[in-house]
Amino acid sequence: MDLALDGRVALITGASRGIGKGIAQALAREGCKLVICARGGAGLAETAGALRASGAAVRDVACDVTEPDAPQRLVDAAVAAYGRLDILVNNVGGNNRTPFAEQSDAEWQEVIDLNLLAGVRMTRAALPHLAAGDTVVGTNTAAGDDAAANGGAVVFVSSIWGRELGGPAVYVSTKAAMIGLAGSLARDLAPLGVRVNSVAPGSIRFPGGSWDRRVQADPDGMAEFVSQEIPGGRFGTVAEVADVVAFLVSPRASWVNGTCIPVDGCQSRSLI
Ligand SMILES: NC(=O)c1ccc[n+]([C@@H]2O[C@H](COP(=O)([O-])OP(=O)(O)OC[C@H]3O[C@@H](n4cnc5c(N)ncnc54)[C@H](OP(=O)(O)O)[C@@H]3O)[C@@H](O)[C@H]2O)c1
């Protein structure tokens with residue numbers, strides 16, 4: 001299926017490694033022009049260089065998305081480089097594993113800033129451009145349905161722990177809030193031709209990632225975890241998440257709005 005993304009401009013937060021990097025690779029393969037960010041300049045430059053070597057147009061901006069001015073800087077970088085912005089992927093996220101009883105307000109605030117507020121600010125900064133694209137808001141005509149072809153699209157990368165219990169409270173709370181935020185924004189922004197969805201990955205393993213580190217530290221325990229918790233009998237891959245995101249931000253998903261799609265090989269048990 002041609003996702004009809006050629007020439008679209010996409011901004012992906014936290015894209016120097018892991019899921020964000022996979023999303024950048026998937027969108028580059030579809031012909032998108034990219035802006036990517038991360039705090040660590042060296043890893044980011046390496047990823048940007050590899051993407052450029054594959055033929056993609058990439059602007060890399062080293063920044064911490066929790067800094068209040070970073071979202072506007074990123075959006076400005078997209079518009080300066082390409083004159084437009086069509087797609088935003090709010091991928092940055094993290095956790096805090098201090099036991100709840102010992103967790104400080106500052107530790108909670110740090111995760112809220114990273115998982116939730118950064119996405120709020122990013123989406124607000126991007127909105128004027130996402131809503132200014134060559135949007136065709138759908139109409140039902142005598143000749144047939146005229147689907148929303150090319151509006152802006154936002155995806156939040158949440159987690160299965162945003163849909164059901166599991167993991168530390170601060171992670172569950174902020175990941176659930178992201179799903180609520182995405183659904184709520186979908187209703188608010190639909191009249192502007194901007195779609196907003198979220199994805200909920202299960203346990204995704206990639207070299208150097210958190211699950212990979214746990215497997216290295218405790219191979220038997222992790223083998224047991226996989227056999228108990230993941231019916232497919234393996235971890236998910238970055239590419240499996242990235243392909244769903246690429247579909248969601250494409251015009252092929254024009255009537256998919258306000259939803260959260262688990263990408264977890266049936267790891268989660270939520271009924272919703
Ligand atoms: N991996 C999984 O199994 C899994 C499962 C469910 C959901 N998720 C979610 O998927 C998303 C990506 O996960 P991942 O495992 O790929 O994460 P990761 O390996 O920790 O990578 C995160 C990326 O974001 C960047 N980053 C982190 N903090 C940042 C900040 N404040 N400002 C700018 N960039 C920042 C990192 O680079 P720097 O460190 O250089 O900044 C890196 O490029 C997260 O939202 C995570 O919660 C992951």
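Predicted model: local features only at pLDDT ≥ 70, side-chain atom pairs only at ≥ 80, totals over all residues.
1. Residues are numbered from 1 along each chain as its sequence is written, and side-chain values use heavy atoms, with hydrogens and water left out.

2. Ala 4, which is not a glycine, has a positive phi of about 55°; Ala 4 lies in the segment before strand 1 (9–12), strands being DSSP runs of E with at least two residues and helices runs of H or I with at least four, numbered from the N terminus. Ala 4 counts as partly exposed because its relative accessibility is 34%. Cys 266, in the segment after strand 9 (260–263), also has a positive phi, near 70°, and counts as exposed because its relative accessibility is 55%.

3. Helix 6 (residues 210–217) has Trp 211, Asp 212 and Val 215 buried. Seen down the helix axis, these buried residues fall within an arc of 100°, so they line one face of helix 6, the arc being that of the directions from the axis to the C-beta atoms. The buried residues pack against helix 7 (219–229), where contact means heavy atoms within 4.5 Å, whereas the face turned away from the buried side carries the exposed residues Arg 213, Gln 216 and Ala 217.

4. The structure holds six salt bridges, each a side-chain nitrogen of Lys or Arg within 4 Å of a carboxyl oxygen of Asp or Glu. One of them joins Glu 229 to Arg 269, with the closest N and O atoms 3.2 Å apart. This pair links distant parts of the chain, Glu 229 being in helix 7 and Arg 269 in the segment after strand 9, 40 residues apart. Glu 229 is partly exposed, with a relative accessible area of 29%, while Arg 269 counts as exposed at 59% relative accessibility.

5. Two further salt bridges can be checked in the model. Asp 60 and Arg 52 meet through their side chains at 2.7 Å, N to O, and the side chains of Arg 234 and Glu 240 meet at 2.6 Å, N to O.

Terms used:
Buried < 20%, exposed > 50% of the residue type's maximum accessible area, 1.4 Å probe, protein only.
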